[in-house]
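Work through the exercises below with the model open. Each task is followed by its solution, step by step.

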Amino acid sequence: MSNEEAIGHRTHPLTGAVQGALWGGGAFLAILGSLISGEGGGVGVAGITFGVGGAAVAGVIIGLIAGYVGWYFTRYVIDGTELRITHGVLTKKSRRIPYERIQSVDVAEPLVARIFKLAELRIDMAGGSESTTTLRFLPIDEVRRLRRLLLARAHGESMEIGGDPVVEQRSLITRVPTERIVIGTMLSLDFLAAIAAAIAAVVAAFVFDQAALAFGVLPTGGAVIQIIAKRVIEQWDFTLSRGDRGLRIERGLLSRTSQTIPYDRVQGIAVKEPFVWRRFSWQRLEVDVAGYASRSGDDAGVDISTLLPISDPALAEAIIAELVPARTEVITTDRPTQRSWPFAPIGWRYRWIEARHGVVVSRRGWIERTTCLVPHVKSQSVEIRQGPLQRWRGVATVEVHTPPGPVDVDGSHLNQSEARRFWDDQVARVH
Amino acid sequence: MANPFDPVVGAEWTRVSPALIKVRRLTISLPLTALAIGLFVAGGLIESARWPLVAAAALVFSGAAWTWSWAERNTAAWGYAETERELLITSGVWWRRLVAVPYGRMQFVDVQAGPVHRLFGIATVTLHTASTETAGHILGVEAAEAARLRNALTELGESRGAGV
């Protein structure tokens, strides 16, 4: 055992093959994309076929070799205090993940990996731009076992490394029907904007009698299809369930993702109600978890902070109550003064910030209404600021800082003495 | 009416070192002045583009003069205060800011000093929380005070740390 501890474990030998297939597919799509957009004009069908096929084969081969070399030099060690991952051929890189800094642990199964029953483990830590660590690929059962182990350790419970952690009890909260996601997407603002742009292009073509303008439909039409396909594929079979350690989100049609958000790592919640959705009283719930923001770059983590893509108010309220235990009675409510209208001619009427027992709540937006909740124990710092124009109007802005993410609690353009009083009280409350 | 950017009751601002004024003049105003002189001389030599160059020189020089006085006003606006439970930081003349960072929320504390800063014996102390919006910089802290502040804050952060 001690020997194994020193050397560490390897990931699954098929890692190289899966990586190769992913890269080959990527190269194939890239070449295909550039051909369709007309960059490879004048090569002929045979040339195109040859080019695409060649790129795919080359991508697979290079990917196989790189994937194998990467796999060969990757090791991971789980000991009493931390998870350590070493990799790199020429420069050795070693990443230490102390258990107590783990914010969340996710399991992702890209399509190719799913075929081989493999999965990758993603671990988020707080702070820093590279706070996400991935370990790819391992057999799915092993990944699930590691996740349970890491989550248990993150909560300070010791667990035998070799022993099988008890299977946790989970209960289903909700499963979002796919047709609801489709309808919700079709009524969302970005989708409606894309439709409007397409209609505008057609109308312009008629008005100016320029058929060429009608081609403006193509990119917007493409955008429309992309929006729907991406949301539906990513949020397919969106399942939210409750476990001992936290909420579990499972979603995806082609690539399955399974996120675990420990209850005490939720930094704040945002409730979003786009314009059209409000008629049906639908809401979208998003969460702030430290470390998630650094993942917005990779395409697998686009909607990673979505807690519930579409929900009715009763369910949303029940989930919020579970995550942010707070009493609902209001201590103070502050609204922007009328003097602040130059900063937001319409919006100022729709904004407020409210201090409650245990939580601070802010509301903004009249097209997409956003309500943000941050528990006082999770507020990182409290700011009051004032620019020259704000000084001229006698207003100031207070803001409660949270880790990067969808949640933003601020009281914009309050009367400056009110803003200061709110700041004073909030500073006292966060302790 | 009370100033909304006063420290909390019972706290006093510790102002940052005036050496920051010199550092800023040396690193911003002086290079701008040199550029203005360069442009002016070039204007004297190149006859075809004399007036544009002289105008540019005047513009750059007025910029340099403005940063000269800005350095003093802005430096005087920086301050911090250690209260019982949090650190307060204030800054800015036009865009004023006051932030309170509870000791328990601090993840770590950085002290940074570039070559010019070291020459004048000052450093920048930065408090990091889990939020990037905290932006807990304190500019122009004297080196010895910076070290003391770092140790004191780290200790307070550890004894009160609640984690993320």
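**Exercise 1. Find what share of the contacts in chain A with a separation of 6 or more joins residues 24 or more positions apart. Then describe the chain's make-up.**

Step 1. Keep the contacts in chain A with a separation of 6 or more; residues 24 or more positions apart account for 59% of them.
Step 2. Remember that this is a predicted model.
Step 3. Count the secondary structure: chain A has 12 helices and 20 strands.
Step 4. Turn to burial. Chain A has 431 residues, and 39% of them count as buried. The cut-off for buried is 20 or more other C-beta atoms within 10 Å of the residue's own.

**Exercise 2. Trace the strand order of the open sheet of 7 strands in chain A, and say which strands stand at its edges.**

Step 1. Read across the sheet: the order is S13-S12-S11-S17-S16-S15-S14, and the pairing is antiparallel.
Step 2. Look at the edges. Strand S13 (306–311) and strand S14 (330–334) of chain A each have a single partner strand, so one side of each lacks a neighbour in the sheet.

**Exercise 3. Work out how S17(A) is paired with S11 and S16 of chain A.**

Step 1. Take S11 (residues 266–274) of chain A. Its antiparallel pairing with S17 (residues 368–375) of chain A rests on 6 bridges.
Step 2. A:Ala270 has A:Cys372 as its bridge partner, and A:Pro274 has A:Glu368.
Step 3. Move to S16 (residues 359–364) of chain A. S16 and S17(A) are antiparallel, with 6 bridges. Here A:Val359 is the bridge partner of A:Pro375.
Step 4. Inspect the turn. The hairpin of S16(A) and S17(A) has 3 residues between the strands, and A:Gly365 takes a positive phi near 95°.

**Exercise 4. Describe the contact between chain A and chain B: which residues and elements take part?**

Step 1. Count both sides: 27 residues come from chain A and 25 residues from chain B.
Step 2. List the elements of chain A that give two or more residues to this side. They are strand S18 (381–386), strand S19 (395–401) and helix H12 (416–429).
Step 3. Sort the chain A side by class: 12 nonpolar, 11 polar and 4 charged.
Step 4. S18(A) runs antiparallel to strand S4 (residues 96–102) of chain B, joined by 5 bridges. Within this pair, A:Ile384 stands opposite B:Leu98.

**Exercise 5. Determine how H1 and H2 of chain B are packed.**

Step 1. The axes of helix H1 (residues 19–45) and helix H2 (residues 50–77) of chain B come within 8 Å and cross at roughly 170°.
Step 2. Therefore H1(B) is roughly antiparallel to H2(B).
Step 3. Classify the contact of H1(B) with H2(B): 18 nonpolar, 6 polar and 4 charged residues.

Terms used
Residues are numbered from 1 along each chain as its sequence is written. Chains are lettered from A and ligands numbered from 1 in the order in which they are written. This is a predicted model: local features need pLDDT of at least 70, side-chain atom pairs count only at pLDDT 80 or more; totals for chains, interfaces and linings use all residues. Two strands pair if DSSP finds at least two bridges between them. Helices (H or I, at least four residues) and strands (E, at least two) are DSSP runs, numbered from the N terminus. Two residues are in contact if their C-beta atoms, placed from the backbone, lie within 7 Å. Ala, Val, Leu, Ile, Met, Phe, Trp, Tyr, Cys and Pro count as nonpolar, Asp, Glu, Lys and Arg as charged, and the others, Gly among them, as polar. A residue is buried if 20 or more other C-beta atoms lie within 10 Å of its own, exposed if 12 or fewer, and partly exposed in between; C-beta atoms are placed from the backbone. Axes are lines fitted to C-alpha atoms, for helices over the stretch in contact, and angles run from 0 to 180 degrees between N-to-C directions. Angles under 35 degrees count as roughly parallel, over 145 as roughly antiparallel, 65 to 115 as roughly perpendicular and the rest as oblique.
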